[in-house]
Each structure stands twice: as structure tokens, then as C-alpha cells.
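Thanks, everyone. Let's take a quick look at one structure. Here it is.

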Amino acid sequence: MAPAQVDLDLSYLPATEVAARIRAGTLTVSRVIENSLARIAEINPKLNCFCFVYPEEARALAAELDREAKAGRLRGPLHGVPFAIKDLTPTKGKRTTLGSFAYEHWVPDHDAPIVEALRKAGGIMVGKTTTPEFAYSSFTESPLWGITRNPWNPERCAGGSSGGSAVAVATGCVPLAEGSDMGGSVRIPASFCGIVGLKPSFGRIPFTILPSEFDQLSHFGPLARTIGDACLFLQATQGPDERDIQSLTVPQDFTLPFDTDLSGLSLALCLDFGKRVWHPEVEAAVRRAARALADAGARIEEVSLPWSVPLDDLWAKHWAVYLATFFGHKLPEFRAKMDPKVVAYLDRGLAMSAVEFKSLEIERTRAWTEDLAPILARHHALLCPTMGQPPVPHGGNDAQYWEVEADGTYRCLDVTSVFSLFGMCPALSVPCGWTRDNLPMGLQIVARRHDDRLALRIGAAVEQRMPWADRRPPI
């Protein structure tokens, strides 16, 4: 079937509005899905955000959902809404490659719980999105699928590791996409692509895709263009789920509206992270967002955190052991076909002793008890950049941005992995401006542990005063 003509206004319609119009009978699921597939066909050859697309299955399900809607039966709050799943997350009967030749032909026999939940809510999975190998990097560049490009400037990085999902949402291919965040993999591409990305509280969305159910670094999170759409995603996917022993047992109601009068809230603005050096436009944008929140009634106080290269390296050591534990067994067979930077991580993790790894928790504890916890005791949330830079060129790697200058400073890439060490605290990235070169920048909002609604409420206040959803990339 030839692709339909793309209706860009429909492409950029929020998921909440798509679902509402389907419920009201003013929009058919089939039209939504045809438009989504047409937009994917238009965008994917240019930006490489999807590695798999399922047009016939999506069309058949759309027709079925249209019949149900006409009969007054709706499956759930996402009835007819297209969504995308990252190619790290198992999908029953569909290849899940993890961006690696080591899993090139793996076809899972089950859906991950998050996929089950989105389907149960009535959503239609139209495809799977690109990720770097094993979701290891802030750059979505894999040996299997190649480079995923930024929609605001294809010569720039889309971020990672959920870069394909972020591009799919930013370009209107889908209103919602799933990402996973272990060190910033939802927040980084959200910032680089000019959309919303949330690392929820650890355990908010059940996470069962690893051999271990006791990992404490891994989160699923939404990529969306609006705060309302992120809430819709969370409402549909949050636990509890007994398959994940660490899933939170008390859900939050993400359907309730947010009070964007922030009077009574105290927010800590942190632009002093030890020796980190920001791009000047990033710092200016974050300060503008803080002023907008002050105008919304919040009290803003500048604070500092002494988190420089050592804490970034602590996370990197943790990440190396994570990768080696779950993927090191593939190294003997696939070393030559793996990303060399993945190989370096695996070798580093395999060489680390159990005592050295366990000792990381001591410094992690100190960074919480002495640094972050006192700030969150005095303030409801912390504000800081998501990324230290606007979107950077392709072909880089995370480590090059940790190089220390002679004066001890370094031009950091992200400010996300350090907050992943304290996963119980939700961390939200929202757009806070565009550079002179029309590249997006993100504000990160880190709330008190388990208070996802508070992070989203602050994000909603930014959205109200510095709206971004009407901005479309030039593609």
C-alpha cells in the first residue's frame, strides 16, 4: 500500500487529544495509524529512528479498534494511540536486537510488562526504535543499525540511548514512545530532541527485562511532547506488578490536573557542580526557566554540589559491571563485531573485583547523605541542566567529555548519570529553550524520592510559561 499524504497537524496532535477525539467519534483509529505510518516512511530514511515497522499488523488492529469504538467499547485510555518501543525491550514474536549483532536474530516469546500495559490500554505498537549496542551510550550509533540523526540538525547527535524513540516523538511519527534510563537514556535524547523525558522513581514502572530482578539502576520512562502525554503513559504503565519485586506498591494518580501556582514550593537551582563547565547558552536557558518558575510563585535558591569527574567515574564503573554482568558472555563470540567502546566497558567490568564494586556504594552513600539529601530536605526539588551542551556532532563518546583541563575544569556532556545513582528520586527533562542555531536545550527537575507528580507539576508550570509543543523541527 502506498503511504498516505502526511497531515502534520495530526502528526503533532498530543496523545491525550488523539484519544479524546477517537472516544468522541470525530477521528478514526485507522486515520491516525495511516498518518503515523506515512510520517515514519517520510522521516525514517532521513533520520534512522526506526529499525522495525509493522504496517500491516497496525492497520489490522486499527480496523478492529474502530469497530470496537463504533460499538461503544474502548479498551482503555490509549484506545487507538500509536506508540513505539525501544529495540531493547522484548516484544513477543518480533525481533529485539539490542542494537547488537549478538542479538540480531533474537525473537522473544513474550512481551515485557510495559508492552503488555500499553497494549492493554488500547495503544497500537507501530514499530521499534533504534538504540546503541546494549543501550550503552549517549550517542545512538550502533554497529547493527548505524547512526540516528537529530531532527533539528541531522549533523548532530540525537542523544541516547533512547535516541530512536526521542526522534520518533519529536518528528511526529508517534506521540508516545518508551525509553529506558540507566544513566540518562531517556533524559539525554529528550533534551537533545526538544521533548519531555522522565526517569520515574525507581520501581514506578515495572522493569523485568534483565536476568536480575535486583538491579537498582534501570527505569522505563516516557518520551512525549507534552507533560499531559507523559502522564497518560505513566497512568497506563505504572505498577505494582509481582513480576518485579522492586515495583512500587502504591501507585500515583497521574490523571489529576496540576496546580501550576507554585506558591509555597522551594526550589534549589544548581549550576555549581564542582568543576563542570556549561555551554553559556545552556546556563542562560536554565536561568530563564528558573525565573519563569519564580514568576509562578516558587522560591528559588542557588545551591552547589561538589560532583565532578569522580562521581561521573563512579557511575561509569557501576555501568561497566552492569554491562559485563548481563552481556559479557557474548564477548568471546562477538568481540570483533561489537562497538569498540562497548568492548572497553565489558573488559573493564569483567576485570573489577567484587570488593571494588561493592565499595562504590560507600561513596554513593556519602554523595547522598552529605550532598543531595540535605538539599532535598530544604527544598522540594532541584533544578539544573539536563545536558551541559546543546546537541553535539556525531561520532563522539561520553568519555571525551570527562577530560579534565589543566585548571581542573571539564566540559561535561550530561548531568544525568549522577542522579541515576539515586534512582528513587524522579528526574524530568523538559525543553527550556533553543540556541541561536535552533538546537534544543533541557531543564532537569529532580524531585524528592517517589514524588513523580511533583516533578511533573513543576514541568507543567514551565510548559505553561515557556510553551514548547508548538515548535516543530525543520524536517
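Predicted model: local features only at pLDDT ≥ 70, side-chain atom pairs only at ≥ 80, totals over all residues.

Residues are numbered from 1 along each chain as its sequence is written, and side-chain values use heavy atoms, with hydrogens and water left out.

Cysteines, then. A disulfide is a covalent bond between the sulfur atoms of two cysteines. The rule here is a pair of cysteine sulfur atoms within 2.5 Å. How many disulfides does that give? The count is 0. Take C173: the nearest cysteine sulfur belongs to C49, 4.7 Å away. C173 is buried, at 1% relative accessibility. Buried means under 20% relative accessible area, exposed over 50%, partly exposed in between, with a 1.4 Å probe and protein chains only. For C412, the nearest cysteine sulfur is that of C384, 9.7 Å away. C412 is in no disulfide either. C412 has 0% relative accessibility, so it counts as buried.

Now the helices, which are DSSP runs of H or I, at least four residues, numbered from the N terminus. Helix α3 covers residues 29-47, and helix α4 residues 55-70. Their axes come within 8 Å and cross at roughly 160°. Axes are lines fitted to C-alpha atoms over the stretch in contact, and angles run from 0 to 180 degrees between N-to-C directions. So α3 is roughly antiparallel to α4, a term for angles over 145 degrees. Which residues of α3 make the contact, meaning heavy atoms within 4.5 Å? They are V29, S30, I33, E34 and L37. On α4, they include P55, A58 and R59.

Note on methods:
Helix = DSSP H or I, 4+ residues; strand = E, 2+ residues; numbered from the N terminus. Parallel < 35°, antiparallel > 145°, perpendicular 65-115°, else oblique. Contact = heavy atoms within 4.5 Å.
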